[in-house]
Amino acid sequence: MQASTAAIAAPDLTQPALPLPANIANGSVVQLQCGRTYSGTLDLAGKSNVTVKTEGSCGKAAIMPGQAVSGWSQYQGNIYSAPIAFDAAQVLVDGQPLARAHWPSRAQTWARASSTSSSALTYPMPNGDLAGATLLFRPNDWAVEARTITGYSGGTMSLAATGKVSFDGYDLSGQPDFYVEGKLWMLDEPGEWAVSGGRLYVWTADGKSPEGRVVASPDRDGIDARNAQGITVDGVRIYAAANGINALDAKNLRVTATDIANSSENGILNSGGSGLYVDGASIRNSRHDAIAVKWGGGGETVRNSTIDASGVTGMPTNAHAAVNLTVGVGSTVSNNTVTNSGYIGIRAFRNASVTQNTVDGACLVLTDCGGMYFYSDDGQALNTVVDGNTIAHVGGSQKLAWAIDLDAASGVTVSNNTITASANGMQLHNGNGNTISGNRFSASHQAHIQMDEDGSAPSVRNNVVKNNAFTSKNGEETYRISSTLGVDSVAQFATYADNAYTSTSQTFANFNGELLNTTQWKARTGQDASSTFQTQ
């Protein structure tokens with residue numbers, strides 16, 4: 001992982017928490033006292049034209065559904081326990097989230113199912129106390145799915161849906177990798193917690209007493225703005241909530257100069273809504289996504305914001321993107337810094353402008369992934385611009401990770417970006433009419449640009465690769481291009497011109513399995529006559 005941004009300060013717990021206002025009228029201004037912490041969830045569901053802001057200049061007011069936990073005693077070894085009046089969804093020690101107790105341990109992470117059905121998984125578990133625990137499994141490389149365990153008998157877990165929108169509902173089948181979490185018997189290593197019998201059990205990372213160090217939160221949102229319209233959240237802090245702001249189906253939510261930290265679900269959830277505006281926000285340690293507009297959407301603006309550690313806290317879990325604008329049309333994503341993402345850094349769709357962002361560290365947990373990702377399944381041009389971004393440290397040595405991933409995407413302009421130190425620089429999969437111009441590629445692990453075509457009909461055509469600078473000093477290929485239709489189709493993928501190539505690699509291009517040096521590339525393709533080639 002890359003160096004994280006500065007932590008968002010924990011709320012002041014030295015003073016008693018204040019109650020949040022209730023029965024807020026439409027058109028109200030909710031002023032929260034500076035420097036104070038408010039306990040619970042601010043209920044704005046169905047409201048319109050409400051502004052929430054900090055009053056005064058002594059620091060941002062904080063909203064926190066959780067509370068400090070005290071009264072710790074040693075349970076056994078380095079495990080301590082304290083009374084708790086609710087079933088925790090998240091536990092923090094010294095401001096850092098712990099992992100829910102799980103089996104197998106982190107060193108192994110996954111077990112392999114013996115067999116499954118749609119509502120059951122068979123495996124000889126070491127302990128039969130599983131009812132109420134959660135099963136998490138990998139249906140494919142790019143997702144983690146979850147089920148609630150309702151019982152365990154004869155080596156088989158009975159399962160039910162979790163009802164969590166952060167998961168996708170993939171079917172359980174075959175012999176997937178899995179782990180289980182949420183029972184006291186699973187608490188067997190530092191940095192874990194569990195709740196049992198009205199008590200919270202914690203093994204801190206340093207093995208010391210948790211007294212004065214622990215905040216636990218129930219599964220409650222910081223602000224409930226579902227089905228609301230015209231809500232503004234300005235200059236506040238939301239800490240240790242489920243969703244920092246739950247704005248499902250909400251329109252024209254504005255979030256400015258606001259800090260959201262340690263969300264056990266998402267930072268801002270606005271699926272089904274539209275017109276989201278985020279400016280100058282800081283969002284850190286979101287269990288799934290920092291900004292999630294998984295369905296619906298349109299007209300989003302995300303700018304001048306810092307987003308760190310989305311989808312990487314605790315054990316592996318599902319994540320879509322730190323900034324996830326799956327199908328929203330007309331979004332603007334500009335001048336943001338997105339670091340340490342478990343899956344995609346930034347995902348946008350049609351008529352989007354993605355400019356001047358930094359994505360540093362992505363695909364840290366899941367694979368088949370991009371630092372920036374653009375996809376269309378309707379065959380229509382995206383007409384999206386990706387310009388002036390810096391993308392680095394994406395995917396390490398993974399085979400299926402790219403700094404920029406155009407997946408069945410057409411009509412995208414990728415220009416003036418700096419792409420470095422990633423598994424691969426860029427993928428163009430089954431896409432046409434894309435322009436790749438003015439970019440700087442360096443230090444890719446495998447290849448700077450991959451183009452691949454699969455299926456029974458040509459799909460990669462009319463792409464342009466021009467005026468780019470490629471530096472290959474680590475044995476990487478500049479191009480890796482392939483088609484199930486053969487070399488004649490590969491030759492029609494794109495035009496290449498006015499590029500500057502610096503390469504010490506023996507293989508300049510992998511041309512449908514044929515390894516070519518620079519001279520062979522030019523002869524084989526008839527391209528790049530106006531480009532420069534040098535070694536150094």
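**Note on ring pairs and salt bridges**

1. Ring pairs join Phe441, Phe470, Tyr479, Tyr496, Tyr501, Phe508, Trp521 and Phe533 into a cluster. Rings of Phe, Tyr and Trp (its six-membered ring) pair if their centres lie within 6.5 Å; planes under 30 degrees apart are stacked, over 60 edge-to-face, and the rest tilted.

2. This is a predicted model, where local features need pLDDT of at least 70 and side-chain atom pairs count only at pLDDT 80 or more, while totals for chains, interfaces and linings use all residues. Residues are numbered from 1 along each chain as its sequence is written, and side-chain values use heavy atoms, with hydrogens and water left out.

3. The structure holds 18 aromatic pairs. One of them joins tyrosine 123 and phenylalanine 178: the ring centres are 5.3 Å apart and the planes stand at 75°, so the pair is edge-to-face. Tyrosine 123 lies in the loop between β16 (120-122) and β17 (134-140), and phenylalanine 178 in strand β20 (residues 177-181), so the contact ties together parts 55 residues apart in sequence. Strands here are DSSP runs of E, at least two residues, numbered from the N terminus. Both tyrosine 123 and phenylalanine 178 are buried (under 20% relative accessible area; exposed is over 50%, partly exposed in between; 1.4 Å probe, protein chains only).

4. A charge also meets a ring. The charged end of arginine 254 sits over the ring of tyrosine 277, 4.1 Å from its centre. The criterion is NZ of Lys or CZ of Arg within 6 Å of the ring centre and within 35 degrees of the ring normal.

5. There are 17 salt bridges (a side-chain nitrogen of Lys or Arg within 4 Å of a carboxyl oxygen of Asp or Glu). Among them, arginine 112 pairs with aspartate 177, with the closest N and O atoms 2.6 Å apart. Arginine 112 is in strand β14 (residues 111-112) and aspartate 177 in strand β20, 65 residues apart. Aspartate 177 is partly exposed, at 24% relative accessibility.

6. Aspartate 129 bridges to lysine 183, the closest N and O atoms being 3.4 Å apart. Aspartate 129 is in the loop between β16 and β17, and lysine 183 in the loop between β20 and β21 (192-196), so this pair ties together parts 54 residues apart in sequence. Aspartate 129 is partly exposed at 38%. Lysine 183 is buried at 17%.

7. Aspartate 219 and lysine 164 form a salt bridge at 2.5 Å, N to O. Aspartate 219 is partly exposed, with a relative accessible area of 44%. Lysine 164 is partly exposed too, at 28%. Separately, salt bridges that share partners join Asp94, Asp206 and Arg213 into one network.

Note on methods: Helices (H or I, at least four residues) and strands (E, at least two) are DSSP runs, numbered from the N terminus.
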